[in-house]
Amino acid sequence: EKGTYPHYMLKEMDEQPGVVRKIIQQYTNDAGELIVDEAILTALKNADRLYIIAAGTSYHAGLVGKQYFEKLACIPVEVHISSEFGYNIPLLSEKPLFIFISQSGETADSRQVLVKVKKMGHPTLTITNVAGSTLSREADYTLLLHAGPEIAVASTKAYIAQLAVLAIAAYVTGKSKGNQIDFDLKTELAIAANAIQSIVDSKEELHKISKEYLETTRNAFFIGRNIDYYVSLEGALKLKEISYIQAEGFAGGELKHGTIALIEKGTPVFALVTQEPVALNIRGNVKEVVTRGANACVISMEGLDEHDDRLVIPKVHQLLTPMVSVVPLQFISYYAALDRGCDVDKPRNLAKSVTVE
Ligand code: F6R
């Protein structure tokens, strides 16, 4: 129930710090260590390549998940959009493990791939919010998101949960393989939960930012580099699906290869600066768009901030920044939709679970 909340989306965004804490709890054993089910750990360790299959926001989580598995578990990963995979199956490795990420566990595009790869005899793992969902029942293994029911069509807390569960699975696999990992994920996730809380608590400021940049615009751009690029894709999806503002997420470096032609006086550009190694490059991109008249909103992370950044998010581990930097983008989208009188929880033409291919 949404109780006193005007929208499920607002309630679900507010729940995000609690979701991260719940996941830490659910994936911790009696000795206080992060764990995943033994059988799943074995399947992950036996795989020579992971194929992540998902749609929409879950696909965006998969892009981040690739970095987790490659950096922490040292397993190569491919991420595919489920609707494309079926008729364009890449050359597979010898021992693939297919990972389906789906909040609902009912997405037909993803199920169609699951059926196909099962027939080929490959092992399958579903990461879902819904125990007993089709994708969960039909896969060999399931990791649950524990995010609680997500009712708003726009996915928010499930994305955060997907990132947390992917991080845990990758971390536990890496540790168990004896990989050199120089941080404690449990501690870092708890820090991220607090950081998310501080953003949730600043929603009035985020409403202001939304008005400042999006009140009258017909389009908007989101840019980032490295892991920030994936978050910019998610930020753009959130904005377009609920506010109907045309929005695009771009890799900062790609701007000059075409997109920059679209920048005019007043065009809003949201730029994420959370990755130290590319901070100067993305700031360079911000200068390029500002020179062409863009209304740039820089969202940076503490330690990488400069005096005229519009929003500074608390410092978290370099791999966990998406869980935090996406939150202001969710709120900014929510307020843009609200101020335009859109039906926030039930945007036009969209269904919560897409059960047709
Ligand atoms: C975006 C959104 C959709 C879903 C997509 C996959 O906010 O909700 O893009 O992420 O339809 O749905 P699931 O995760 O249920 O497979």
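Predicted model: local features only at pLDDT ≥ 70, side-chain atom pairs only at ≥ 80, totals over all residues.
1. Surroundings of the ligand. The shell around the ligand holds 14 residues. Ser58, Ser102, Ser104, Thr107 and Glu241 are the closest of them. Sorted by class, this shell has eight polar, four nonpolar and two charged residues. Two helices, helix 4 (56-73) and helix 11 (227-243), each contribute at least two residues to the shell.

2. An N or O atom in the side chain of Glu241 is 2.4 Å from an oxygen atom of the ligand. For the side chain of Ser102, an N or O atom is 2.6 Å from a ligand oxygen. For Ser104, a polar side-chain atom lies 2.7 Å from an oxygen atom of the ligand. As for cover, the ligand taken alone exposes 410 Å², and the protein buries 89% of that area.

3. Helix 4, strand 3 (96-102), helix 6 (108-119) and helix 11 each give at least two residues to the lining of the largest pocket. Which element gives the most to this lining? Helix 11 does, with four residues. By class, the lining of the largest pocket has eleven polar, nine nonpolar and seven charged residues. Helix 4 and helix 11 also each supply at least two residues of the shell around the ligand.

4. The second largest pocket. The volume of the second largest pocket is about 190 Å³. Its lining consists of Arg283, Val286, Lys287, Ala296, Val298, Glu306, Asp308, Asp309 and Arg310. Helix 12 (279-291) and strand 9 (295-301) are the elements that give two or more residues to this lining. Helix 12 gives the most, with three residues. How do the residues of this lining divide by class, and how many are charged? Six are charged, three are nonpolar and none is polar.

5. Backbone at Cys74. In which loop is Cys74 found? Cys74 is in the loop between helix 4 and strand 2 (77-81). The phi angle of Cys74 is near 55°, a positive value in a residue other than glycine.

6. Backbone at His146. His146 has its place in the loop between strand 5 (141-144) and helix 8 (157-176). Phi of His146 is near 55°, again a positive value in a residue that is not glycine.

Note on methods:
Residues numbered from 1 in each chain as written. Heavy atoms only, no water. Near = heavy atom within 4 Å. Polar contact = N/O pair within 3.5 Å; in protein donor to acceptor, adjacent residues only side chain to side chain. Areas by Shrake-Rupley, 256 points an atom, 1.4 Å probe, with all protein chains shown as cover. Nonpolar A, V, L, I, M, F, W, Y, C, P; charged D, E, K, R; others polar. 1 Å grid on protein atoms, 1.4 Å probe; cavity = no way out; pocket = protein on both sides within 12 Å on 5 of 7 lines; lining within 4 Å. Points joined across faces, edges and corners; volume = space filled by probe spheres on them.
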